[in-house]
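Please open the model in a viewer and keep the sequence panel at hand.

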Amino acid sequence: MRGKVIGKGLPKIDSIAKATGEARYTVDLKLPGMLCGKILRSPIAHGKIKSIDPSRAERLEGVHAVITAKDVPQNRFSFFQWQADKTILCTDRVRYVGDEVAAVAAVDEETATSALDLIDVEYETLPAVFDAEEAVKPGAPLIHEKDKNIAFHVERLFGDPDRAFEECDFVCEDRYVTEQVAHCCMEVSNCVARWDPAGRLTIWVNTQAPHTQRQEVARILGIPARNVRIISSAMGGGFGSKLVMDMKLPIASLLSRRTGRPVKIENSRQEEFSTAKTRYGYTIYVKTGAKRDGRLWAREMKVVGDNGAYNDKGPATLNFSSMMFGTMYNIPNIRYEGTLVYTNKQMGTAFRGFGNPQITFACETQLDLLAEKMGMDPLELRLKNANQPGQVTSCGAEITSCGMTECMEAAARTARWKEKRNQKGLRGIGLANMVHTGAGGRFYGYNAADAFVKLSDDGTVTLITSALDMGQGAHTAMAQIVAEELGVNLGDVNVVSNDTDLTPYDLGAWGSRATFMNGNAALDAARQARQEIVQVAAEMMEADPEEIVLEDGKVSVKGSGERYSFRELADYAVNKRGTPISGRGRFVDRLPPGYTIAEAFAKNIPAFSFGTQVAEVEIDPETGEVKVLRVVAAHETGTTINTTMAEGQIEGSVVQGIGYALMERLVLEEGKVVNDGFLDYKIPTIGDIPEIKTILIETNDPHGPFGAKGIGEPGLVPTAAAIVNAIYDACGVRVRRLPVDRDDLLKRLREKRGGSRAAGA
C-alpha cells in the first residue's frame, strides 16, 4: 500500500534531536544530590562466600552506604518466576565471574570505586564448569541446589520422523556450534533510582519493557507495583539486552532508600562485556532428509543451550527456536529437543533473532549439504519447499501472509545467482532463507495494546503509546500510521511514550512486535478520533458526514472549496460544541481457541515474516580472511510503513550478522572474559561493511496495520548461514562453528589445495 505518509521514506521524527545531541539518555540524567553507585562483583567463577567485611569501605569519606546480602530482600528472581534462582546480592555463593556481592553509594565515581577495594570478601573456590555439554555429564560440578545442571528441557514431535527418515532418499546429519556473543549497544546499561518522601520509587532506565520491569522491580523488592514508576529515556540500542531487569535496578533502589538520595549505577564498558547478559551459545545436532524429487520429508534437531549461571530468557528462547524450526519449509515429520544447561558463565538473555540465528545457521548450512548430495541447486531445493500464504503447517503454524518465494526470486535475480555460482579465484556466493515472527508472540498468554489520540487546541495531534523506541524508529512508524489515518502531515503528530504513569500497560519492544501490535492500537485510536473529527466537521459545516474530507491537516466538504484547519476544528469542538476530540484505540490479538502456551506451539506467532539473503565473499589464500563483498537482502514487510527505516533495519541487521558470522565471541579464561573491550572484541567497522542491497517485498498482512509486519529482527537471522554457504562455494570448506575461525579455515583451505579441489584455480 502507498499512502500520503505510509510507504514513504520519511526521516525519523527524533532524527534532529539525536543528530544535534539534544536527545537525552539515562546516562545524561543528573538529579540534585545524586550519588554514584558501584557494584562489587565476584572475581571467581564458582565459590562459597565465607565472610564479607564492609567496615573499611563504610569508613571512607564520601561513602554514604554499603550494602551486602544481609541488607537486601532475599526474594529470588527470574523472568519466569517459576525458574527464580537469582538474589539481588549473593548470600553464600557466587556462580560466575561478575556475580553481584556488595554495592556502595558514594559522592562520586572515584570514591565509589575506591570503596569497592576496601570491602573484604573471603571466598572458598569451588570446581567450575564452562561448557554446556560437559556440564550435563555425570560428576560435573553442580551450580545450583539441583541434582543436575539442567535449567529447562523441551521436546516437540510432529509426524513420525523415525519412519520418515527411512523413507528418505537423501539424509544429512551434522553438529554445529555457536558462541556466546555480546549485544554491543553504544549506550551501556544504566539506571537512576530515587525514592520520594511518600515512599514511591521512580527509576529512570534505558529499558525495552517499562511495564514488565515495573512488575519485576516490585516483585524482587517485595513492594506493591503501584509504588514503582519506570521512565525510559532515549535509548542507545537494545537488541534484547534491556528487556529483562538486571540487578542494577534493585541495587540502585536499595541504595537510594538507604541514603535518601537518588543513585545512579552505570556499567563500565568492561562490565558491559564481562557481566551483562549475552546471546545464548548453542550446540546443535541436526538431521535432515529429503525425497528424490526434492521434497524435504523429515528433520530433527537437538539443541544444548548454554544458560550461564542463572535463568533469564532461556526457556522462551529454546521454545522460539523450536517454533521456527517447525515452521520453516513445512516439513511434515519433525522432532525437536532443547536442553538449557547451567554453566559458570554470565547469563544469557534475549538477543535480536531470539534463538533463530543459531538454528538457521545450522539448518540452512545443512540444506546446502543436502542439495549437493542430491545434485540439486540450493536455490531450486529451497524454492521447491517454500512456505506459501494461507498455509497451515504440520506443526500448526498459520501463515497469514508469505513472500518467501518472491524473496528468493528477487534476491537471486539481483545477486545474479546462476552466473556467479562456482566462480574462480576463491570467490563464492551463498544464500539462506529465514522465517521469523513479524508480530511478537503470545507467550505471555496475553497479547494486546492500547493507544490514545487527542487533537490539541492548536490543531496538532498527540499519540500516547507504549511503543518503545530504542533507535529502530517505532515512534516514527506510529506517527505515520496516525498521520495517514487523519490526513495530517507527519510533523503534526507528537508522540508521548515511555512513562508507566502515563502509558497503558504493554509487554514492551521485542519480537518485532511494535509495528504490528502498537501500530494496530494506534490505528484504532486514530480511526476513533477520525470519527469524532468527521462528526464535528459535519456539524460545523452543516454537511453530511459522508461528504467530509480530511486532507493536509484540514477538513472540507467534498466538491467544495471551503476548508477549515484542524486548529479551527478543535476550537469549534471545545468552545462551541463543548467536547474535545480524542480517540481510544485497542488491539487484541485474540488467542486461538483452546490456546495454551505449552501446547499451542507454533500458534504462538500471530504473523510470520520471511526473507532471503545472498552473500558474496572472497577468501584471502594467505591469511584465511573472509571478505564479504556484497549482501543482497530481500525481506517481506507486509506493507512497508517507512521504506528508509525498513532498509536501515535490514542493513543494521546484516552488519550485525556479519559480525556474528566472522568476528564475534566472548573469550573466557577460567570464566573471566578476557576480550572485554572494543579493542579485543571485534565487531564490523565501516571497512568491513560490504555493499548491502535491500529489497522490500510487500505482501499486505491481513491483520497488520495497513497490512504491515515487523522487520526489526529478521535481517540478522539468515546472514551467517548465507556467508558460510558462500565460503563453501568459494573454497569447498564447510564451516560448522561460528564465528568462522580464520586459522582453521586457512588450514583446511591448504589441505584442500593438496586435495581434489584446487582452491583458487
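The stops below cover a sheet with its helices, the nonpolar cores, several salt bridges and one glutamine. Please note that the model is predicted.

Begin by selecting residues 150-158, which form strand β7, and residues 170-177, which form β8. These two strands belong to an open sheet of 5 strands with mixed pairing, ordered β7-β15-β14-β13-β8. Both stand at the edges with a single partner strand each, so one side of each has no neighbour in the sheet. From one strand to the next, the twist averages 5°.

Next select residues 314-327. This is helix α9, which packs on the sheet and touches β7, β13, β14 and β15. The direction of α9 makes about 160° with that of β15. Then select residues 356-374, helix α10, which lies across β8, β13 and β14 and runs at about 145° to β8.

D368 belongs to α10 and R382 to helix α11 (residues 378-384), so the pair ties together parts 14 residues apart in sequence. R382 is buried, at 1% relative accessibility, and D368 is buried as well, at 3%.

**The nonpolar cores**

Move to I251 and I727, which touch the most other members of the largest nonpolar core, a set of 156 residues. Contacts of I251 beyond its sequence neighbours include I39, I67, I88 and E100. A separate core of 52 residues has I533, L569, A570 and F587 among its members.

**Charged pairs**

Which residue forms a salt bridge with E100? Select R41: the closest N and O atoms of the two are 3.6 Å apart. E100 lies in strand β5 and R41 in strand β1, so the pair ties together parts 59 residues apart in sequence. Both residues are buried.

Now select R586 and D450, whose side chains meet in a salt bridge of 2.8 Å, N to O. They link strand β23 to strand β17, across 136 residues. R586 is partly exposed, at 43%, whereas D450 is buried, at 13%.

**A last stop**

Finish at Q649 in helix α18 (residues 643-662). This residue is buried, at 15% relative accessibility, and its side chain makes a polar contact of 3.3 Å with that of R352. Q649 also touches Q472, I711 and G712.

How values were computed
Residues are numbered from 1 along each chain as its sequence is written. This is a predicted model: local features need pLDDT of at least 70, side-chain atom pairs count only at pLDDT 80 or more; totals for chains, interfaces and linings use all residues. Side-chain values use heavy atoms; hydrogens and water are left out. Two strands pair if DSSP finds at least two bridges between them. Helices (H or I, at least four residues) and strands (E, at least two) are DSSP runs, numbered from the N terminus. Axes are lines fitted to C-alpha atoms, for helices over the stretch in contact, and angles run from 0 to 180 degrees between N-to-C directions. Contact means heavy atoms within 4.5 Å. Buried means under 20% relative accessible area, exposed over 50%, partly exposed in between (1.4 Å probe, protein chains only). A polar contact is a pair of N or O atoms within 3.5 Å; within protein, one must be able to donate a hydrogen and the other to accept it, and residues adjacent in sequence count only if both atoms are side-chain atoms. A nonpolar core is a set of buried Ala, Val, Leu, Ile, Met, Phe, Trp, Tyr and Cys residues joined through side-chain atoms within 4.5 Å. A salt bridge is a side-chain nitrogen of Lys or Arg within 4 Å of a carboxyl oxygen of Asp or Glu. Lists of a residue's contacts leave out its neighbours within four places in sequence.
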